[in-house]
Structures are given as structure tokens and as C-alpha cells.
Amino acid sequence: MVRMNSLADALRCINNAEKRGKRQVLIRPCSKVVIRFLTVMMKHGYIGEFEIVDDHRAGKVVVNLTGRLNKCGVISPRFDIGIRDIEKWTTNLLPSRQFGYVVMTTSGGIMDHEEARRKHLGGKILGFFF
């Protein structure tokens, strides 16, 4: 079968490995969007370091898990979010106001909803993690 959404496949692999209590997970194929999403997760401490393995094909990523991640998922289709709509999406997706992040792609790059609000940017929603 053809992979339709590599970000959804990657997040599902991470979610399943985290539920099973694994320490590492191998994600393939790797894309720029997956790498940036993982960077946002790593910046907030939900996953450990990750290593990109170049196999002269689509590439692979080995992610070290910390056991802190409860759930991560992708939002499809990628809805447009204005600055005023960020609060509505966070209340719908996240369990609490204290933790969890909605990841968006904006004109300033891929970032979480708090950084987008600080930079006063709207964009399209990619996914969430908490």
C-alpha cells in the first residue's frame, strides 16, 4: 500500500511504542514535517533525542522515548486556524490548560500554539501531543 500521511504513521508508531513501554522507536519514512514535529516535541521534553538515519531512500528516524508522552495525534484535514481560533482548538484537543501542545504550521515555520500566539501568527493545524 501507498503511505498517504507519513506524519500520521510516525505519530501512531510513537504512540504505540509509548503505550508498550518501549525505550526506542524506528520511524520510516522520514520527512521534513516529521522532523520539525519531533523537534517541537523534543523542545518541550516529551521525547528524548532522535537520530536521522540516511538509507539513500526515504530515510529513517530513531527516537528515544522518555515515558512522558500520553498521546499524540494528527489532525486531518489541516484546518486553517486564525489567531482567535487557537483557544477553541486547544480546549477541544487538549485535556487541560496546564499541559499539552497543538502543533501548527505557520508562515514562520512549524511551532506550537503558544509560540504562534506570542508571534501573533495563524496557520494550519498539524497535530497535538500531551
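## Helices and the sheet

Helix α2, residues 32-43, lies across β1, β2 and β3 and runs at about 155 degrees to β2. The model described here is predicted.

The sheet itself is open and has three strands in the order β1-β3-β2, with antiparallel pairing. Its edge strands are β1 (24-27) and β2 (47-53), each of which pairs on one side only. Between neighbouring strands of this sheet the average turn is 20 degrees, direction ignored. Helix α1, made up of residues 6-20, also packs on the sheet, where α1 touches β1 and β3. The direction of α1 makes about 160 degrees with that of β1.

## Pairing of β1 and β3

Strand β3 covers residues 60-65 and is joined to β1 by four bridges. The two strands run antiparallel. In β3, N64 is the residue that stands opposite Q24.

## The loop residue A58

The loop between β2 and β3 contains A58. The relative accessibility of A58 is 47%, so this residue counts as partly exposed; the exposed class begins over 50%.

Beyond the neighbours within four places in sequence, A58 is in contact with P29 and C30. A58 can also be placed relative to S31: the two residues are 27 residues apart in sequence, and their C-alpha atoms are 7.7 Å apart in space.

Notes:
Residues numbered from 1 in each chain as written. Predicted model: local features only at pLDDT ≥ 70, side-chain atom pairs only at ≥ 80, totals over all residues. Heavy atoms only, no water. Pairing = 2+ DSSP bridges. Axes fitted to C-alpha atoms, helices over the stretch in contact; angles between N-to-C directions. Contact = heavy atoms within 4.5 Å. Buried < 20%, exposed > 50% of the residue type's maximum accessible area, 1.4 Å probe, protein only.
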